[in-house]
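Please keep it in view while reading.

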Amino acid sequence: MKTHQFFLSAKLPKIQKDNNVLMLKKSNFDRALKETKYLLVEFYVSLSQSSQNLSEEFAKAAQQLKKEAPRIQFGKINTNQHDLRKEFNIREFPTVKFFVDGSREDPIDCKGVRQASAFITQVKRRTGPSTVLINSTDKAEAIIHADNLSVISFFKELHNDSVEDFSKTARDVPEMPFGMTASEDICANYSIQKNTLVVFKKGKPVLHKVLEDGRQNKLDLMRLIKTFTLDLVTEYNPETSVKIFDVPVENRILLFTPANSETFNTIYENYKSAAAEFRGKIMFVLVDTNETRDGVFEYFHIREVDIPAVRILSLTSDAKYKMPADEMTVENLKEFCQSYLNGKAKLHLSSEEIPEDWDKMPVKVLVEKNFNRIFFNKTMTVFVMFYAPWSYNCRKLLPIWDKLGEQYESRKDVIVVKIDVKANDILSVGLDSYPFFRLFPAGPDYQEVACAGEHTLEAFSEFVEEQSKTKAEPGEKDPSGGIKEDLSQKETVITEKEQL
């Protein structure tokens, strides 16, 4: 009985900390949430330099808020905590999420925050007022000159939907100070007559955005404001890559050209002139082809003969578009961008040539050019491995995939295939980390199924058997014995061969 009472009264040991940051794992995470009103958590990779850099800034912020705001705690979770990674859908590292009131449902994603000062600003805005109320011109000037960038909204009155949208935006953009005012004198001093958001850069206004209730939302405002954290044209390099991907503009245009070429200055000035018209809609990026750029050439299938080249990338669909005009004038660049925004630009899909022996081995080899003909045939179940040749995990699994092909080689209702996704653009399948697997069941209703189980021969085989139970409808074959292509599924695209 005494022993029982001892355990009831004993306190659990404190969760271990490293530089004022809680060391979290599956066994103590729920407890940390219950004991903490506000918890900012970093999901990190131990050997990653970017994770190490962020952890240093994280620790600085935790130290500063230790006494100033003790109800705000910082924690970090290693990638080896697979259950927590899966629960919160962590796919990039480092990733930071903010948990409120002990709830693990829908934590706030803190994208784009990398500095200690930004972490402090963000948690303060989420736990208190998100913007400063300005009641004098001196206070407005103080905010305008407080940082390289600052944002002030001038309102007729402080009780409308636009004020709420502005306050929500301020919570998610901690990189710069935000203020708002409804003072007639202050509005008159800056010649403001309507509800207007103004972005100041180095003390000078660079954007006036009239705010109308119901005509804009938080994402629209955040997208527009964050573009000013970058130059009008941003060169892609290790220092800018994080900022480029953190700005929530879904459309990117990239210029591939050597910076030391004779035509560079002319091309660059034309590119920059076009960029001004599309700020907030398309992000303009420069790639100096004299530099090595972390696989960006391979991703866009840019060859030496293609340079200089211009491509547009949609982050929402991973679709790529090639500028049809060869001459990079301001007019051609603007026309290309506007055509894309209007939905009239043609897709540009890269494809390898179809190998002569693509169907002679147990595992069939697909490329973009024969993708539709096989995947949408409706007569058999198709199980595909999407792989990247340079990936260690892919190379390790290819022998297992070959064995799976041998196992189903004699089956007429199942086909096992593979496709190199770095050499072939496939838009009809959602991309994932390499390798990833999709199964297309036989039958009239096309609906791909992701294979998320173990990557073993037995698991793959069980998955195929389970998913291929539905009998395929009789299909129509062409005279050569192949599968007749469903032309209704084809998209209008431009392939590499058609462009040359």
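## Basis

The model is predicted: local features need pLDDT of at least 70, side-chain atom pairs count only at pLDDT 80 or more, and totals for chains, interfaces and linings use all residues. Residues are numbered from 1 along each chain as its sequence is written, and side-chain values use heavy atoms, with hydrogens and water left out.

## Helix α7

Helices (H or I, at least four residues) and strands (E, at least two) are DSSP runs, numbered from the N terminus. The 12 residues of α7 (161-172) should span 16 Å at 1.5 Å a residue, where the expected span is 1.5 Å times one less than the number of residues. The end C-alpha atoms of α7 lie 17 Å apart, in agreement.

N160 caps the N-terminal end of this helix, with a side-chain oxygen 3.0 Å from the backbone nitrogen of S162. Buried residues (under 20% relative accessible area, 1.4 Å probe, protein chains only) of α7 include V163, F166 and A170. Their cover includes α5, β8, β9, β10 and α9.

## Helix α5

Among the buried residues of α5 are F119, I120 and V123. The buried residues of α5 pack against β3, α3, β4, β5, α7 and β9.

## Nonpolar cores

A nonpolar core is a set of buried Ala, Val, Leu, Ile, Met, Phe, Trp, Tyr and Cys residues joined through side-chain atoms within 4.5 Å. In the largest, of 25 residues, I253, F284, V310 and Y321 touch the most other members. Helix α11 gives the most to this core, with 6 residues.

Apart from this core lies another, of 20 residues, among them F58, F74, F98 and I120.

How values were computed. Buried means under 20% relative accessible area, exposed over 50%, partly exposed in between (1.4 Å probe, protein chains only). Contact means heavy atoms within 4.5 Å. A polar contact is a pair of N or O atoms within 3.5 Å; within protein, one must be able to donate a hydrogen and the other to accept it, and residues adjacent in sequence count only if both atoms are side-chain atoms.
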